[in-house]
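Biologist: I would like to learn how to read a model such as this one, feature by feature, starting from the backbone and ending with the chains together. Could we look at it side by side?

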Amino acid sequence: MRNLVFCFCLASGAAHATGLATCDSGPKERWQPQEKLSAVLKDKGWQVRRIKEDGGCYEVYALDEKGNRVEAYFHPVTFAPVPVGAKNHKG
Amino acid sequence: MVVKVWDALVRISHWTLVACVAAAWFTRQQLHEWVGYAALSIVALRIVWGFIGSRYARFGQFIRSPSRTLAYARAVAAQREPRYLGHNPLGGWMIAALLAAVALAGGTGWLATTDRYWGVAWVEELHEACADALLTLVALHLAGVVVSSVRHRENLVRAMLTGRKPAPRSGDVFE
């Protein structure tokens, strides 16, 4: 039982790094701030709900200019869009 | 001598819900959403069945008063609780808690997919908290099944598969 719970807890911890995309983005000191990405996307007409880090990328929850729900990944240094499934995207 | 206790809908809804909850834990995105909707549908079906189903499927049969549940819990602690043919009082409340937890996890999960709550942190956190609470309840449920099976020398897992249990013996509760 304890092993089962332990194994579930591991799975739960792993859920925070979703693995949907990963970026080769180097040290965080060289990343551009999240606020700047938010401003760039807002200029495109997006309604940005939330930005978080995931797998070395910025993960953005937003409604795009057409009002579609999007969960999109961006490289934190270059802000290049990162397709879901990308591994160690260089930006 | 064995008697039929769990009807087909109780058993099928139980095991499909097990499959959905397990699958939900390990999936994400589209698949996770569909598994969640399936779980919500099963909970809805089971709740309706709790009012119109066969005898031991009904909430009225197995949801006992708090005082009786407490008395049963004390008897368990003293290892002199009677065997119940249907759900025992703690098991009955566990079923209510499990159904509620699945409904809350599914409901908050659906909410997180709406335009209004898309990407909203507290919805996601609430969804995760519901899932964690559900996991804790599942662990307690399994512990209860094991303890009860050992104490009364019956295989409750098999009973949930076949629907049949040993006939009531003297001192058992079957009303």
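This is a predicted model: local features need pLDDT of at least 70, side-chain atom pairs count only at pLDDT 80 or more; totals for chains, interfaces and linings use all residues.

Biologist: What is the phi of A:N88?

Modeller: Most residues other than glycine have a negative phi. A:N88 has a positive phi of about 50° although it is not a glycine. In chain B, the residue B:Q29 also has a positive phi, near 55°, and is likewise not a glycine. B:Q29 lies in helix α2 of chain B, and B:Q29 is exposed, with 11 other C-beta atoms within 10 Å.

Biologist: Let us turn to the overall fold of chain A; which pattern does chain A follow along the sequence?

Modeller: The general idea is to list the elements and then ask how they are arranged. Chain A has 2 helices and 4 strands, and read along the sequence they follow the pattern α-α-β-β-β-β. The 4 strands form an open sheet in the order β1-β2-β3-β4, with antiparallel pairing, and the edge strands, each of which pairs on one side only, are β1 and β4 of chain A. Helix α2 of chain A, residues 34–43, lies across β1, β2 and β3, running at about 145° to β1(A).

Biologist: How many bridges join β1 and β2 of chain A?

Modeller: Strand β1 (residues 47–54) and strand β2 (residues 57–63) of chain A pair in the antiparallel sense over 7 bridges. Going across the pair, A:I51 stands opposite A:V60 in β2(A), while A:R50 stands opposite A:Y61 in β2(A). The two strands form a hairpin with 2 residues between them, and A:G55 in the turn has a positive phi of about 60°.

Biologist: Where is A:G56 found, and which residues does A:G56 touch beyond those up to four places away in sequence?

Modeller: A:G56 is found in the loop between β1 and β2 of chain A. Leaving aside residues up to four places away in sequence, A:G56 touches A:T22, A:C23, A:D24 and A:S25. For the chain as a whole, buried residues make up 20% of the 91 residues in chain A, and of the contacts in chain A with a separation of 6 or more, 47% are between residues 24 or more positions apart.

Biologist: How far apart are the end C-alpha atoms of helix α2 of chain B?

Modeller: A helix can be checked by comparing its expected span with the distance between its ends. At 1.5 Å a residue, the 24 residues of α2(B), residues 29–52, should span 34 Å, and the end C-alpha atoms are 35 Å apart, which agrees. The buried residues of α2(B) are B:V35, B:G36, B:A39, B:I42, B:V43 and B:R46, and these pack against α1 and α5 of chain B.

Biologist: At what angle do the axes of α4 and α5 of chain B cross?

Modeller: The axes of α4(B), residues 66–77, and α5(B), residues 89–111, come within 8 Å and cross at roughly 120°, so the two helices are oblique to each other. In this contact B:R68, B:T69, B:Y72 and B:A73 in α4(B) meet B:P89, B:L90 and B:W93 in α5(B), and the residues divide into 5 nonpolar, 1 polar and 1 charged.

Biologist: Finally, how many residues does each chain give to the contact between the chains?

Modeller: One reads such a contact first by its residues and then by the elements that supply them. The contact takes 13 residues from chain B and 12 residues from chain A. On the side of chain B, the elements that give two or more residues are α1 and α6, and the largest share, 6 residues, comes from α6(B). That side of chain B divides into 9 nonpolar, 1 polar and 3 charged residues.

Definitions and conventions. Residues are numbered from 1 along each chain as its sequence is written. Chains are lettered from A and ligands numbered from 1 in the order in which they are written. Axes are lines fitted to C-alpha atoms, for helices over the stretch in contact, and angles run from 0 to 180 degrees between N-to-C directions. Angles under 35 degrees count as roughly parallel, over 145 as roughly antiparallel, 65 to 115 as roughly perpendicular and the rest as oblique. Two residues are in contact if their C-beta atoms, placed from the backbone, lie within 7 Å. Ala, Val, Leu, Ile, Met, Phe, Trp, Tyr, Cys and Pro count as nonpolar, Asp, Glu, Lys and Arg as charged, and the others, Gly among them, as polar. Two strands pair if DSSP finds at least two bridges between them. The expected span of a helix is 1.5 Å times one less than its number of residues. A residue is buried if 20 or more other C-beta atoms lie within 10 Å of its own, exposed if 12 or fewer, and partly exposed in between; C-beta atoms are placed from the backbone.
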